[in-house]
Amino acid sequence: MSKQASLPITIQGLTKRYGDAFALDRVDLHVRSGEFLTLLGPSGSGKTTLLMTIAGFTRPDSGSLKFGDVESIRTPAHKRDLGMVFQSYALFPHMSVADNVAFSLKLRKVPRSEIGRRVENALDMVQLGGFGARRITQLSGGQRQRVALARAIVFEPRILLMDEPLSALDKKLREHMQIELRRLHEKLGITTVYVTHDQREALTMSDRIAVICKGRVAQIDAPRQLYERPINKFVAGFIGDSAFLPVTFSQGRPLCAGAALKVDDAPVGDGGALLMLRPERLRIVTGQPCEDMNRFAGTVKGAIYQGDSYLLHVALAAGIEVCVRGASQRDAMACIPETGAAITLGLHRDDTVLIPDE
Amino acid sequence: MNEGALATEAAIGARGHPDGPQPVNARALRRDAARERLALFGLCSPALLLVLVIMIIPVGWLFWLSFVGEKGGLSMENYQRMIDSRAYLQIFRITFEVSAITTVVCVLLGYPLAYFLSQLPSRAANLCMIAVLVPLWTSLLVRTYAWLVLLQRRGLINTWGMDLGLWHDPIAIVHNLLGTLIGMVHIMLPFLILPVYGSMKTIDRDYLKAAANLGARPAQVFWKVFFPLSLPGLFAGGLIVFILCLGFYVTPAILGGGRVIMVAMSIATNIELFVNWGAASALGVVLLALTLLILYVASRVIRLDQVLGGRDP
């Protein structure tokens with residue numbers, strides 16, 4: 001299997017209501033050809049409904065869905081030619097591994113000799129060569145996951161959909177499979193839509209992430225952009241940990257707790273704004289202040305050791321509690337301030353992000 | 001165990017046993033486990049006693065009786081008669097034929113109905129399920145006589161049919177094989193529908209979605225995925241119906257009109273008419289043996305505990 005022709009997906013005005021609730025609320029989304037796009041959102045946000053609509057299992061109330069240039073909103077699921085990996089894997093328990101993988105090829109009347117070759121290729125690709133004769137019940141969770149993947153790509157679909165495929169695996173295996181899926185995507189170049197509620201997984205794997213909230217796309221961006229420049233409070237709060245400080249404007253200049261903020265791009269508009277504070281971007285300042293540093297005075301509330309890092313709870317003068325994360329190297333651990341100590345926190349201007357306060 | 005013994009054991013655990021280190025509290029914990037098993041056994045002992053009194057002892061007695069001849073001594077004459085007489089062979093043949101036809105008709109009628117039920121939303125499915133179950137809770141005798149009222153020469157079906165001019169002379173739909181089959185299918189249908197419905201409900205919808213996603217048309221989804229996965233339930237239902245039919249008495253006796261003689265009826269005749277306990281017992285033993293044989297063969301094909309309510313591990 002080599003690079004396959006891939007297709008873009010264009011979604012416009014997709015709407016689906018269940019009673020009074022909107023599962024999808026006029027969703028517009030463009031998935032680029034060959035892109036790995038993740039739909040990320042809390043449970044009940046509509047991300048799975050969106051994927052199931054793309055797959056053809058959920059009939060929307062209105063909207064347009066195009067694979068390439070072809071309008072496909074009314075195409076039945078079995079004519080859409082999409083690869084799909086289900087959360088439950090949905091491997092047919094009454095068939096062997098090879099029969100599961102060959103299922104789509106037999107339906108497409110591929111010659112018998114070619115079926116054998118392609119099934120073996122697909123199993124090799126997911127490192128399960130020689131497993132064809134096994135029964136599904138004889139496989140471990142990770143192996144089932146790979147079979148599901150082989151079954152989804154063996155007929156060379158131009159779009160691959162994945163619905164939380166790694167959620168049933170333990171942490172180590174999950175992280176391993178994330179890298180493997182990512183490599184496979186680079187090798188095949190197939191347009192991939194991936195659903196997860198795990199933000200780290202989304203950040204690790206995606207070309208772009210669409211954050212879904214209440215049936216709408218809250219923001220769609222590359223992982224780093226999304227994490228460092230969220231455009232609203234929901235995205236800032238959902239991805240990563242953050243605390244928010246209220247910001248006021250005086251003659252167009254942002255003020256926080258009475259002090260002027262050093263910031264590169266302040267949001268336009270006369271409403272209030274919020275300053276986003278990420279635990280790992282804050283640091284404890286000792287000695288001479290650096291020119292590009294915003295400073296906040298506070299009192300230490302306590303420290304928590306978390307293995308790879310430590311977390312320091314600090315109550316700021318404004319009365320808001322924030323966290324500071326530091327690497328747990330020996331020398332850093334040695335100078336953690338004691339509970340009750342007055343300290344100064346610093347935030348570099350590049351990490352100073354203002355978001356509109358809705 | 002008293003405290004002294006516990007203390008001794010703890011001391012042994014701490015000091016180490018002469019034959020190597022003895023784990024702490026091991027004996028007391030083992031004894032607790034044994035006590036729990038005994039309590040469980042105690043809970044089911046009334047049922048076991050009942051089974052012994054009303055099942056094992058009478059069946060053993062039956063077995064013994066079947067080897068007692070007319071003169072009172074041990075003899076094989078009851079079995080010999082069954083082999084010699086063509087009438088008995090005929091009775092077994094009819095019993096198996098009626099059971100097989102009933103099972104096949106039940107499968108043909110029950111499978112689609114169970115499929116329909118399994119596709120309904122759960123509220124509607126529950127209502128329909130009650131409709132399936134109500135006949136099961138109604139007396140067998142009442143249902144059988146109800147069929148007689150419907151099917152006999154001057155019954156509802158014949159009167160209406162003739163009033164509407166569909167046919168002129170009463171048609172014979174009872175007191176024969178057809179009547180027996182109609183009654184038996186009706187009574188057996190729930191026993192087929194329940195296990196089939198059960199196995200259909202356990203089929204994960206994702207399998208059907210996956211099959212469609214891989215390119216299967218709705219009919220292909222059904223035949224390649226849904227049907228094979230529902231087979232254990234169909235097999236269980238068919239088996240239950242067939243085995244229940246083998247020993248059926250009331251319905252063939254009333255609706256068969258003496259023309260359809262099944263083994264159970266023959267046993268009754270032997271006792272009530274000829275007071276021949278030996279012959280009746282031998283028939284019973286053979287029927288029981290054949291039933292057990294069928295169950296054994298079935299258990300080689302499929303795991304019975306799984307299809308009769310258990311789940312795949």
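1. In chain A, 66% of the contacts with a separation of 6 or more are between residues 24 or more positions apart. Two residues are in contact if their C-beta atoms, placed from the backbone, lie within 7 Å. This is a predicted model, in which local features need pLDDT of at least 70, side-chain atom pairs count only at pLDDT 80 or more, and totals for chains, interfaces and linings use all residues. Residues are numbered from 1 along each chain as its sequence is written, while chains are lettered from A and ligands numbered from 1 in the order in which they are written.

2. Chain A as a whole. Chain A has nine helices and 20 strands; helices (H or I, at least four residues) and strands (E, at least two) are DSSP runs, numbered from the N terminus. The C-alpha atoms of chain A fill a box of roughly 75 × 50 × 35 Å along the principal axes. Of its 358 residues, 36% count as buried. A residue is buried if 20 or more other C-beta atoms lie within 10 Å of its own, exposed if 12 or fewer, and partly exposed in between, with C-beta atoms placed from the backbone.

3. Domains. Chain A is divided into domain 1 (9–233) and domain 2 (241–356), with bounds that come from an automatic or database domain assignment. The C-alpha centres of these two domains of chain A lie 39 Å apart. Six residues from domain 1 of chain A and five residues from domain 2 of chain A make the contact. On the domain 1 side, the residues divide into two nonpolar, one polar and three charged. Here Ala, Val, Leu, Ile, Met, Phe, Trp, Tyr, Cys and Pro count as nonpolar, Asp, Glu, Lys and Arg as charged, and the others, Gly among them, as polar. For chain B the assignment gives domain 1 (3–65) and domain 2 (85–307), and the C-alpha centres of those two lie 44 Å apart.

4. Between the chains. 15 residues of chain A are in contact with 15 residues of chain B. Helix H2 (residues 97–107) of chain A supplies three residues, the largest share of the side of chain A that touches chain B. That side of chain A holds 10 nonpolar, four polar and one charged residues.

5. Helix H2 of chain A. Which residues of H2(A) are buried? They are A:Val97, A:Ala98, A:Asn100, A:Val101, A:Ala102, A:Phe103, A:Ser104 and A:Leu105. Because eight of the 11 residues of H2(A) are buried, the helix is largely enclosed by the rest of the structure. The buried residues of H2(A) pack against helix H3 (112–125) and helix H4 (141–153) of chain A.

6. Positive phi values in chain A. Most residues other than glycine have a negative phi. Just after H2(A), A:Lys109 takes a positive phi of about 55 degrees. A:Ala90 has a phi near 55 degrees and is found in the loop between strand E6 (83–85) and H2 of chain A. A:Gln127 has a phi near 60 degrees and belongs to the loop between H3 and H4 of chain A.

7. Helices H6 and H8 of chain B. The axes of helix H6 (residues 140–151) and helix H8 (residues 177–201) of chain B come within 10 Å and cross at roughly 140 degrees. Axes are lines fitted to C-alpha atoms, for helices over the stretch in contact, and angles run from 0 to 180 degrees between N-to-C directions. H6(B) is therefore oblique to H8(B); angles under 35 degrees count as roughly parallel, over 145 as roughly antiparallel, 65 to 115 as roughly perpendicular and the rest as oblique. Among the residues in this contact are B:Trp147 of H6(B) and B:His186 of H8(B). By class, the contact has five nonpolar, four polar and one charged residues.

8. Helices H9 and H10 of chain B. Helix H9 (residues 205–213) and H10(B) pack at an angle of about 155 degrees, their axes 10 Å apart, so H9(B) is roughly antiparallel to H10(B). This contact divides into eight nonpolar, no polar and one charged residues.

9. B:Phe248. This residue is found in the loop between helix H10 (218–246) and helix H11 (250–255) of chain B. B:Phe248 counts as buried because it has 23 C-beta neighbours inside 10 Å. Not counting residues up to four places away in sequence, B:Phe248 touches B:Met184, B:Met262 and B:Ala264.
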